[in-house]
Amino acid sequence: MTKKWWKESVVYQIYPRSFMDSNGDGVGDIKGIISKLDYLKKLGIDVIWLSPVYESPNDDNGYDISDYKKIMDEFGTMADWEEMLGEMHNRGIKLVMDLVVNHSSDEHGWFVESRKSKDHPYRDYYIWREGKDGKEPNNWESVFSGSAWEYDEATEEYFLHLFSKKQPDLNWENPKLRREIYDMMKFWLDKGIDGFRMDVINFISKVPTLPDAPNPEGKPYASGHEYYMNGPRIHEFLQEMNQEVLSQYDSMTVGEMPGVTPEEAVLYTGEDRNEVNMVFQFEHMDVDSGPGGKWDVIPFDLVKLKSILTKWQMELHGKGWNSLYWNNHDQPRIVSRLGQDGEYRVKSAKMLATLLHMMQGTPYIYQGEELGMTNVRFSSIDEYKDIETLNMYREKVAQGMKPEEIMESIYVKGRDNARTPMQWDGTEHGGFTDGEPWIASNPNYREINAEKALNDPESIFYYYQKLIAIRKKHDIIPYGSFELHYADHPSVYAYTRTHGDEKILVLCNVSGEEQVIDNIASFDITQAEILISNEELHEKDAFTLNPWEATAYYIKG
């Protein structure tokens, strides 16, 4: 297995709007990020993934880009950005930027020109079609509810938008468009960035005929994912991107790829394939989703989670590369979702961190995860900002669902759970801003904040710091093989890692009840060193696991 810096790195995601506000306007900004780089250096991370800071009308919080080469005024200037990059590199931290090229904003110059006439040179930069039988060209549903098509009166045609109607999909079949995107990527790489996180990159190749999706329930619209996820030319496009751009830089790339399987991930990430370094898969993020999808919340099943994560560990080992994550700007807070954010918040957060960081792959920490930040329960839908949440709420109310039932699913799964301001201290708004924040703070900022964490040697922050340091010290963590134990146990997550004559045994109790298990065969616990544990290391039977316990044992020879 080839050694690479990005395999040995730990990434920290910054969602700039909610990270740190330097000027009191209630919106996080680049100067705010600069002011907190020493905090991130102390944590020990190697790479920052920065969510979009480009010019945008903010219909989807920056994922609708109107100018790929400009910085949004709310966040600062290009000079601020250049200062930030320099300050990161001075601290030995690399920067990965978001690449959002499945779609642009409808306010991007390309689209403004595209909609002027059917024969405009920019028309083919987007996906335009005539209506069918007085309706949309097909029955595809937008990820954000409703039709994936918007009618444009000026030219009497529809344009495709898999997300918001202000996010028209780009037409990757057009080689001129692809050239523009590659030039833009070089613009940022030449400025010194260290790679890209590629937003829904496996959506860029659509089946050219754009057929209707199967719709057995006869709904107004149906998911067309089988015609745009992992489409017919996706590998060709990514290999071209690699040849034209990425192969010329020592960069790190991660493709966000909903619906990807391990078999497909091997094709995307295989070292001889020249596409991307790793993918974000979402299978484990659906472990508490029922047949009705994301908002159909069902109890979390640990056996199912183990099956999913083990499959990804085993099938990519030696062939591709995994991303390891619990949280991001689209996912709720993990300690509220799979842990226990009451009495055992600290302990369960440490357990979840151990469970993930001891696996093979590149770990990602989302801002506030290292503090054990939790989901929020706003009292009114009016306090929410996320377009996906608001569209879903309106749609469900129109269907006759009770508002209080819809709110319960938002409290569990809504994206704004991850977007409340970073909690820096116990002052108003958690020290995020001197003004009025763009979205309300989680009221628990007085108890959960970075200042408290830094003053407590037993905090979640220092536990993450230790996990990061251990990964840097032991090659077995990035490069060792994986074996699951107790696959069918409903509360224990146990696995071993092996690399040459080294072994690590990880024991996690994913419950609030004591669990007793048998010795793991072939692992001599009496000869092992405890690498990390969220337990006070008193004398006890190693195979009696206390509530939410996590312990990793290391043995050599």
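**Exercise 1.** In this predicted model, determine how the lining of the second largest cavity divides by class.

*Solution.* The lining of the second largest cavity divides into 6 nonpolar, 5 polar and no charged residues. To locate these residues, begin with the members of the lining, which include Gln281, His284, Trp312, Tyr325 and Met359. Next, consider the elements: α8 (302–316) and β14 (323–324) each supply at least two residues of this lining. Of the elements, α8 gives the most, with 3 residues. Finally, the volume of the second largest cavity is about 60 Å³.

**Exercise 2.** State how many cavities of 30 Å³ or more the structure has, and describe the lining of the largest cavity.

*Solution.* The largest cavity has a volume of about 70 Å³. Among the residues that line the largest cavity are Trp326, Arg333, Glu369 and Tyr464. Two or more lining residues come from each of α9 (334–337) and α10 (345–357), and α10 gives the most, with 3 residues. By class, this lining comprises 8 nonpolar, 2 polar and 2 charged residues.

**Exercise 3.** Identify the residues with the most contacts inside the largest nonpolar core, and list the contacts of tryptophan 81 beyond its neighbours within four places in sequence.

*Solution.* The largest nonpolar core has 151 residues, and Trp81 and Tyr493 have the most contacts inside it. Helix α14 (residues 460–473) provides the largest share of this core, 8 residues. With neighbours within four places in sequence set aside, tryptophan 81 contacts Ile30, Val53, Ile71, Leu95, Met97, Trp188, Lys191 and Ile193. A second, separate core has 18 residues, including Trp140, Leu162, Phe203 and Ile387.

Technical notes
Residues numbered from 1 in each chain as written. Predicted model: local features only at pLDDT ≥ 70, side-chain atom pairs only at ≥ 80, totals over all residues. Heavy atoms only, no water. Core = buried A, V, L, I, M, F, W, Y, C linked by side-chain atoms within 4.5 Å. Buried < 20%, exposed > 50% of the residue type's maximum accessible area, 1.4 Å probe, protein only. Helix = DSSP H or I, 4+ residues; strand = E, 2+ residues; numbered from the N terminus. Contact = heavy atoms within 4.5 Å. 1 Å grid on protein atoms, 1.4 Å probe; cavity = no way out; pocket = protein on both sides within 12 Å on 5 of 7 lines; lining within 4 Å. Points joined across faces, edges and corners; volume = space filled by probe spheres on them. Nonpolar A, V, L, I, M, F, W, Y, C, P; charged D, E, K, R; others polar.
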